[in-house]
Amino acid sequence: MQHRIVVLGAGYAGAVAAGRLARRLRREDVAVTLVNAEPDFVERVRMHQVATGQELRPRPFAEMFAGTGVRLRLARVTAVDVDRRTVTTVPAAEDGVPEPEELEYDTLVYALGSAWDDQGVPGAAEHADQIASRPGALRLRRRLAALAAGEPVLVVGGGLTGLEAVTEIAEARPDLDVALAARGALGDWLSPKGRGHLRKVLDGLGVTVHEHTAVTAVAPGHVTTAEGASVPAAVTVWTTGFAVHPLSRATALEVTDAGRIVVDRTMRSVSHPEVYAVGDAAQATGPAGNPLRMSCASGLPMAWQAADSIAARLTGGKLPNTPLRYVNQCVSLGRRQGLIQYVTADDRAVRAALTGRTAALYKELICKGAAWAVAHPMLGLPSRRRRVVPDAARSDAPLTATTPA
């Protein structure tokens with residue numbers, strides 16, 4: 001019988017894991033099924049571009065995985081029973097009420113990712129827009145296109161997503177009154193050079209920055225701050241963080257308070273050894289014992305580690321040692337400016353930073369490289385697939401070989 005591997009979610013981490021598993025293992029021994037609600041890959045790191053009217057190249061999964069042996073199931077995941085080793089899905093049908101279907105697995109890769117987090121702020125869910133998904137970015141695109149010159153747009157959140165959103169909007173629509181509300185100081189995690197360049201770019205784009213400003217309520221036409229001030233906003237863009245898919249909390253898996261699945265350094269669940277988790281859904285430990293942050297930079301190496309660990313355990317091979325560390329933070333500041341902040345292995349800024357047009361080109365290469373890795377999951381690995389050893393996946397291989405570099 002084939003060993004059944006089911007991958008839930010086809011974002012960066014899930015799609016790469018599925019393709020890498022198909023490359024590592026013989027089709028006669030393993031069936032890899034990828035479950036995703038949408039037929040196309042979504043470049044999540046470019047949703048701020050979609051929101052400002054830019055068109056992205058379509059990337060259909062049917063084409064990406066043609067000839068790989070990966071079986072694509074277009075469906076929405078509604079339940080995971082880790083005791084029975086089953087996944088309940090609802091087909092992504094356009095008409096009628098689709099019937100739930102049950103999918104059995106021997107090994108599960110959970111990669112359902114995350115969505116925007118309104119953090120319970122009154123009015124945020126009802127009145128704010130988000131760019132954590134393609135539907136959200138398209139809705140924001142329509143709202144921005146309907147604004148007249150001079151109308152105010154407020155981006156809430158001074159992290160990487162907020163900075164990319166506010167600069168993209170300000171560059172694409174210089175006729176709007178664009179502002180940013182940051183809970184702390186602008187770019188307070190960056191190096192002095194990085195902070196200086198960031199402020200210079202925002203000033204050049206005419207962005208008003210409200211530092212040390214916590215938004216406590218969102219209403220049509222304005223937001224309210226913790227100090228009781230009212231900031232005008234015909235459109236409020238909410239970028240204060242991400243929340244994992246709620247399904248993990250409904251399982252018997254060990255999860256954090258935030259709902260992230262706790263994994264070891266092979267991305268294997270600490271409570272259920274037949275389950276692996278990657279990307280935003282997983283709580284993995286990086287250098288210095290710190291949790292990896294939710295990002296594409298974390299998700300790709302996590303996917304490599306999980307896929308190679310599953311393949312090693314199934315074939316009786318040696319566990320891999322994928323470096324789980326950071327090198328830089330890449331920020332696009334519109335289409336013509338960028339910021340590459342170099343960091344330590346545990347993601348702390350160092351003095352060095354790349355800025356300007358060169359940084360923008362660097363960031364673009366990073367985005368293209370990430371999409372390329374998803375679109376070419378079979379390349380870059382040995383062509384020889386290894387034979388599965390019966391019951392090898394349930395062995396408890398030592399974890400010392402997977403300590404991050």
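Predicted model: local features only at pLDDT ≥ 70, side-chain atom pairs only at ≥ 80, totals over all residues.
1. Cavities are a separate matter. The structure has two of 30 Å³ or more. For the second largest cavity, the space comes to about 40 Å³. The residues that line the second largest cavity are Trp116, Ile131, Ala132, Thr161, Trp238, Thr239, Gly241 and Phe242. Five residues of this lining are nonpolar and three are polar, with no charged residue.

2. Next, a pair of helices. Helix H1 covers residues 12–24 and helix H8 covers residues 296–315. Their axes come within 8 Å of each other and cross at roughly 30°. Because angles under 35 degrees count as roughly parallel, H1 is roughly parallel to H8. The crossing of the two helices is right-handed.

3. Which residues make the contact between H1 and H8? From H1 come Tyr12, Ala13, Val16, Ala17, Arg20, Leu21 and Arg24. From H8 come Cys296, Gly299, Leu300, Ala303, Trp304, Ala307, Asp308, Ile310 and Ala311.

4. The contact of H1 with H8 can also be sorted by class: 12 of its residues are nonpolar, three are charged and one is polar. Among the residues in the contact are Arg20 and Arg24 of H1 and Asp308 of H8, and Arg and Asp count as charged. Gly299 of H8 is also part of the contact, and Gly counts as polar.

Technical notes. Residues numbered from 1 in each chain as written. Heavy atoms only, no water. Axes fitted to C-alpha atoms, helices over the stretch in contact; angles between N-to-C directions. Helix = DSSP H or I, 4+ residues; strand = E, 2+ residues; numbered from the N terminus. Parallel < 35°, antiparallel > 145°, perpendicular 65-115°, else oblique. Left-handed = near helix turned anticlockwise from the far one by under 90°. Contact = heavy atoms within 4.5 Å. 1 Å grid on protein atoms, 1.4 Å probe; cavity = no way out; pocket = protein on both sides within 12 Å on 5 of 7 lines; lining within 4 Å. Points joined across faces, edges and corners; volume = space filled by probe spheres on them.
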